[in-house]
Amino acid sequence: DRDRSEFDVDHRLVSSFVYEIPVGRGRKYASSMNRVADVFVGGWQVNGIVTFQKGFPMTITAADVGGLNDTQNTNRADIVGDINPSGFTPTINKWFATVAFRQPAAGFLGNSGRGILRAPGVNNWDTGLFKNFRFTERLSTQFRFESFNTWNHTQWGVPVRNASDSRFGQMLSTRAARINQMGLKILW
């Protein structure tokens, strides 16, 4: 069982940004606008967190036919072919070369290793639009509109990894789709 950790990610980029839009009283553009217009136009911020990463390692399992080896469904599948064949393109119906694996015979442990394939990666943008309202030097309010998975990019879950399952290799789940929320924050 000596192999990659199940939370190993060898390629990961996370970047964040905050940009205050330079429009409104005391800012670069329209700095002399009246207070009423500044309430609607000035004091806006845009921010975001961007994440790109490869998928986590995944182990191909199999049923323990007859219940001779384990009781926790941790038996591994047998490798009977090339697990990374050239020209193979992952799809939601077949994320990996399923023909490279088979169910071991009753009483035998599978020969595949732990974490030998990778699940889908992450391509995610979380963004926000904030409006700051200052009432006094110590009292202000912030209106927030936040969007998680802003571009609604499908973030696939983990495919069916059990060689004895008829759906073996298929993607049946996703991470959350776009979520939008609004909030009001009071700072004093």
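Guide: Start with a way to sort residues: Ala, Val, Leu, Ile, Met, Phe, Trp, Tyr, Cys and Pro count as nonpolar, Asp, Glu, Lys and Arg as charged, and the others, Gly among them, as polar. The part to look at is the largest pocket, and the sorting applies to its lining. By class, that lining has seven charged, five polar and four nonpolar residues.

A word on the model. It is predicted, so local features need pLDDT of at least 70 and side-chain atom pairs count only at pLDDT 80 or more, while totals for chains, interfaces and linings use all residues. Residues are numbered from 1 along each chain as its sequence is written, and side-chain values use heavy atoms, with hydrogens and water left out.

Now the pocket itself. On a 1 Å grid over the protein atoms alone, a pocket is an open set of points where a 1.4 Å probe fits, with protein on both sides within 12 Å along at least five of seven lines. Lining residues have an atom within 4 Å of a point. Grid points are joined across faces, edges and corners, and a volume is the space filled by probe spheres set on the points. The largest pocket holds about 450 Å³ of space. Its lining has 16 residues, and the closest to the centre are Asp38, Lys131, Asn132, Phe133 and Arg134.

Which elements supply the lining? Helices (H or I, at least four residues) and strands (E, at least two) are DSSP runs, numbered from the N terminus. H1, strand E7 (122-134) and E8 each supply at least two residues of the lining of the largest pocket. E7 gives the most, with four.

Take H1 next. Helix H1 covers residues 35-41, and valine 36 sits in it. Valine 36 is exposed, because its relative accessibility is 60%. The cut-offs are these: buried is under 20% relative accessible area, exposed is over 50%, and partly exposed is in between (1.4 Å probe, protein chains only).

Next comes E8. Strand E8 covers 140-148, and the loop between E8 and strand E9 (179-187) holds asparagine 149. Asparagine 149 counts as buried because its relative accessibility is 5%. Its phi is near 60°, a positive value in a residue other than glycine. Asparagine 152 lies in the loop between E8 and E9 too. Its phi is also positive, at about 55°. Asparagine 152 is partly exposed, at 37%. Most residues other than glycine have a negative phi. Glutamine 170 is another residue of the loop between E8 and E9. It is partly exposed, at 26%. Its C-alpha atom is 10 Å from that of glycine 157, 13 residues away along the chain.

Now the charged pairs. A salt bridge is a side-chain nitrogen of Lys or Arg within 4 Å of a carboxyl oxygen of Asp or Glu. The count comes to seven. One of them joins glutamate 146 and arginine 144, at 2.9 Å from N to O. Both of these residues are buried. Another links arginine 167 with aspartate 165, with the closest N and O atoms 3.0 Å apart. Arginine 167 is partly exposed, at 39%. Aspartate 165 is partly exposed as well, at 22%.

A further bridge joins aspartate 10 to lysine 54, with closest N and O atoms 3.9 Å apart. Aspartate 10 lies before strand E1 (12-20) and lysine 54 between strand E2 (44-53) and strand E3 (57-58), so the pair ties together parts 44 residues apart in sequence. Salt bridges also link Asp8, Asp10, Lys54 and Arg118 in a network.

Finish with the second largest pocket. Its volume is about 200 Å³. It is lined by 13 residues, and Ile83, Asn84, Trp95, Phe96 and Leu117 lie nearest its centre. That lining divides into 11 nonpolar residues, one polar and one charged.
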